[in-house]
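Thanks, everyone, for making the time this morning.

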Amino acid sequence: MLGGDEFISSPPRKTVRFGGTLTDILLKYEKGETADFELLKHQLSDPDIKDAQIINWLHEFRASVAYLTKELEQLVSILLKLPWLRRSREVVEEYLGFLGNLVSAQTVHLRPCLRMIVLQFVPPRITIREDDVDISDSDDDDENLSENFNTCHRALQTVARYVPSTPQFLMPILVENFPFINKSERTLECYVHNLLRVTVYLPTLRLQILELIIEKLLKLDVSTPQQDIEDAEETANNSDSEEKSTEEGLFDMEEDEERKGNKVVSSSSERMAHPLAERLDILMTILFSYIKDVCHVDGKLDINNTKDLYRDLVSVFDKLILPTHASCHVQYFMFYICSFKLGLAEAFLDHLWKKLHDPNNPSVIRQTAGSYIGSFLARAKFIPVVTVKACLDLLVNWMHKYIDNQDTGANAYCDVALHGPFYSTCQAVFYTLIFRHKQLLDGNLRKGLSYLQSLNFERIVMCQLNPLKICIPSVVNLFAAITRSKKTIDPFYQFWEELSAEDLENLKKPIKRGTSEDEDDDFLKGETPQNDGVVGIAPNSYESNTRSPASSIGSPPDCYVPYPQ
């Protein structure tokens with residue numbers, strides 16, 4: 001008999017089994033004797049297999065991986081189905097050692113090993129019986145879920161350490177195992193979270209993984225029309241309380257959060273009423289968190305990390321966002337990363353500008369780039385007025401040159417198919433002015449008005465291309481979004497402020513050419529003399545777009561020029 005201490009320190013006794021050692025069994029199988037081999041498979045497939053049995057078998061398999069050739073892939077498949085992940089620490093460590101030995105000696109089994117690990121990126125499936133019907137769903141209550149995910153990433157790193165070509169084999173497996181959008185929110189959340197974790201230790205896959213995630217988000221986005229989201233939210237808010245209006249509910253909720261120290265309390269009011277919108281919102285929040293974590297080290301912005309991630313995100317934006325029609329929410333990932341540093345925002349504007357004015361780009365890409373410029377300048381609080389003015393100068397100068405080139409041509413008539421980029425640029429400028437008029441006029445009203453009138457909008461709106469006919473009716477939502485994840489964006493987002501009657505009157509007043517800029521007092525008193533040579537903003541164009549449309553709630557939709565049919 002062993003004493004207590006000796007028993008604890010001694011190795012576990014081998015469980016009684018049939019068939020001899022693993023080497024003997026495999027050698028017999030090569031000679032055509034299959035009885036012991038079938039018994040081995042049966043023992044490994046036993047759902048009641050004990051930890052000690054798994055450890056003993058794995059120990060032998062680690063020493064016999066040379067025998068596990070492609071001809072034994074059925075046996076390897078059984079080994080990959082062993083319930084190792086939710087076992088004791090000893091089982092987990094032994095299994096990780098087995099995986100390393102297997103893929104280093106037999107790379108033919110690399111794909112099945114990677115697939116086995118990736119399948120663990122989502123909560124396990126459980127069967128729930130409701131009304132005599134078995135329903136399969138994810139086990140969201142698994143207390144060890146986070147620890148299991150950590151172990152999966154250890155396994156993936158182990159495989160990658162032994163097989164340097166792992167990334168190129170892993171990516172197709174990540175793509176084919178991405179859950180369908182009708183899966184549970186928790187399943188989608190876990191899978192996307194684990195995909196982003198992979199980019200930390202396999203950075204060569206980051207761009208492809210970001211493309212995969214954003215492509216799936218786009219499918220969710222375009223299959224969830226914003227009007228449907230708004231209708232669902234309105235219905236949900238109306239059913240919450242008969243005493244409170246929708247607007248009161250929203251404001252009260254924000255005030256409640258402030259009273260509770262900004263702590264977000266889980267409640268039904270925090271969920272999106274539209275199920276697909278809720279999934280999109282959860283995944284967008286994960287993406288925002290990832291962007292923040294990558295760009296900040298110890299709470300401080302890391303310039304190199306941020307620049308590298310910015311380049312990847314711009315690449316994804318060009319490949320997926322720009323060509324996609326009717327995306328309303330996903331593009332906010334660019335808005336968010338640009339909020340970290342003004343240089344990023346300016347670089348993004350420059351990138352869009354190059355897309356817009358390059359005649360070699362497809363017209364639809366140029367139009368979309370123009371729309372994004374307008375939305376970005378109008379909505380991004382972190383872009384200062386000096387940058388807004390610089391961009392307006394660039395855009396307006398291009399518009400005037402475009403008009404110059406069309407004045408004597410045969411195509412000098414209103415046609416979105418011919419002049420789509422021009423109309424998109426016009427709308428970007430108009431839209432920027434609607435949202436930024438107060439900042440442009442702030443501080444020195446006379447200088448502000450002089451600047452606006454120097455842009456010579458009268459010539460633009462009166463030209464033969466007639467941009468008002470195309471732009472004004474076609475304003476639709478591009479950047480505006482209704483989400484919970486919008487809390488991440490709100491601090492940087494410029495909401496529309498309606499012009500007061502006094503502002504409108506001031507904008508309609510002309511400025512006499514040659515008047516000294518220090519005559520602000522006389523000008524503010526309304527004593528500036530009229531002059532027939534004044535270049536003014538056409539009231540019928542500008543004023544008509546400074547009032548909220550009847551269909552909106554205090555804010556005009558974002559700019560967008562329709563694609564030619």
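Predicted model: local features only at pLDDT ≥ 70, side-chain atom pairs only at ≥ 80, totals over all residues.

Let me begin with serine 64, whose place is in the loop between α4 and α5. Is this serine 64 buried or exposed? With a relative accessible area of 4%, serine 64 is buried, and if we leave aside residues up to four places away in sequence, serine 64 touches Leu22 and Thr23.

Moving on to helix α5, we find Leu75, Val76, Ile78, Leu79 and Leu80 buried.

Because tryptophan 84 lies in the loop between α5 (73–80) and α6 (89–105), while tyrosine 95 belongs to helix α6, the pair ties together parts that are 11 residues apart in sequence. Both tryptophan 84 and tyrosine 95 are buried.

For contrast in geometry, consider phenylalanine 376 and phenylalanine 382, where the ring centres are 5.9 Å apart and the planes stand at 70 degrees, so the pair is edge-to-face. Phenylalanine 376 is buried, as is phenylalanine 382, and these two also belong to a cluster, linked by ring pairs, that takes in Phe317, Tyr332, Phe335, Phe348 and Tyr372 as well. Elsewhere, a charge meets a ring: lysine 389 lies over the face of tyrosine 451, at 4.5 Å from the ring centre.

Now to the cysteines. How many disulfides does the structure hold? The number is 0. Cysteine 426 has 0% relative accessibility and therefore counts as buried. Cysteine 463 is in no disulfide, and the nearest cysteine sulfur to it, that of cysteine 426, is 6.8 Å away, whereas a disulfide would call for sulfur atoms within 2.5 Å. Cysteine 463 is buried too, with a relative accessible area of 11%.

Among contacts between residues at least 6 apart in sequence, 76% join residues at least 24 apart. The accessible surface comes to about 28700 Å², and 51% of that belongs to carbon and sulfur atoms.

Finally, the confidence values, which I would ask you to keep beside everything above. The mean pLDDT of the protein is 76, with 68% of its residues reaching 70 or more. Over residues 472–483 the pLDDT is below 50, and this stretch has 58 contacts in the model beyond near neighbours in sequence. Over residues 511–565 the pLDDT likewise stays under 50, and here the model has 124 contacts beyond four places in sequence. I will stop there and take questions.

Conventions
Residues numbered from 1 in each chain as written. Heavy atoms only, no water. Helix = DSSP H or I, 4+ residues; strand = E, 2+ residues; numbered from the N terminus. Buried < 20%, exposed > 50% of the residue type's maximum accessible area, 1.4 Å probe, protein only. Phe/Tyr/Trp six-rings, centres within 6.5 Å; stacked < 30°, edge-to-face > 60°. Lys NZ or Arg CZ within 6 Å of the ring centre and 35° of its normal. pLDDT = per-residue confidence, 0-100. Contact = heavy atoms within 4.5 Å. Areas by Shrake-Rupley, 256 points an atom, 1.4 Å probe, with all protein chains shown as cover.
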